[in-house]
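Hello,

Here is the structure we talked about handing over. Please take a look, then read the notes below.

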Amino acid sequence: MKTATLPPVRVAPDFRQELEGVLEEGETLSQFVESAVRSVVEKRKHQAEFVRRGIAAIQETQRTGSGIPAEQVVARLEAKLNTARQVKARRGG
């Protein structure tokens, strides 16, 4: 498969100098840019999949009615927090 070229990116001269200062031994600016772009693409794919699974879980919860009301969850967490505070206070902490 033929390779393609990414569009040139304009940056301030001081930023380019900073960027060149973090290149690893033998690494070119083009390699660095490609690596950075690949990392961001991978991150965004993971984010999109995370959101997709979250939406599917919400829809499944709504469909089955198996969710727990937020107020109930918060009440349980507050009870745990209060218990932990009481234990800490008894220990003199």
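A residue counts as partly exposed when its relative accessible area lies between the buried limit, under 20%, and the exposed limit, over 50%. E60, at 38%, is therefore partly exposed. Keep in mind that this is a predicted model.

Now the salt bridges. A search of the whole structure finds five. Three of them are described here.

Start with E60. Its side chain meets that of R63 in a salt bridge, 2.8 Å from N to O. Why can these two reach each other along the chain? They sit three residues apart in helix α2, so about one helical turn separates them. R63 is exposed, with a relative accessible area of 63%.

Next, R52 and E49. They form a salt bridge too, and their closest N and O atoms are 2.6 Å apart. R52 is partly exposed at 45% relative accessible area. E49 is also partly exposed, at 32%.

Then E42 and K45. This salt bridge has its closest N and O atoms 3.7 Å apart. The two residues are three apart in helix α2, which spans residues 29–64, and about one helical turn separates them. E42 is partly exposed, at 37%.

The general point is simple. An α-helix has 3.6 residues a turn, so residues three or four places apart point the same way.

Last, helix α3. It covers residues 70–90, 21 residues in total. From first C-alpha to last it reaches 30 Å, close to the 30 Å expected. Just after α3, G92 takes a positive phi of about 80°.

Best wishes

Key:
Residues are numbered from 1 along each chain as its sequence is written. This is a predicted model: local features need pLDDT of at least 70, side-chain atom pairs count only at pLDDT 80 or more; totals for chains, interfaces and linings use all residues. Side-chain values use heavy atoms; hydrogens and water are left out. Helices (H or I, at least four residues) and strands (E, at least two) are DSSP runs, numbered from the N terminus. The expected span of a helix is 1.5 Å times one less than its number of residues. A salt bridge is a side-chain nitrogen of Lys or Arg within 4 Å of a carboxyl oxygen of Asp or Glu. Buried means under 20% relative accessible area, exposed over 50%, partly exposed in between (1.4 Å probe, protein chains only).
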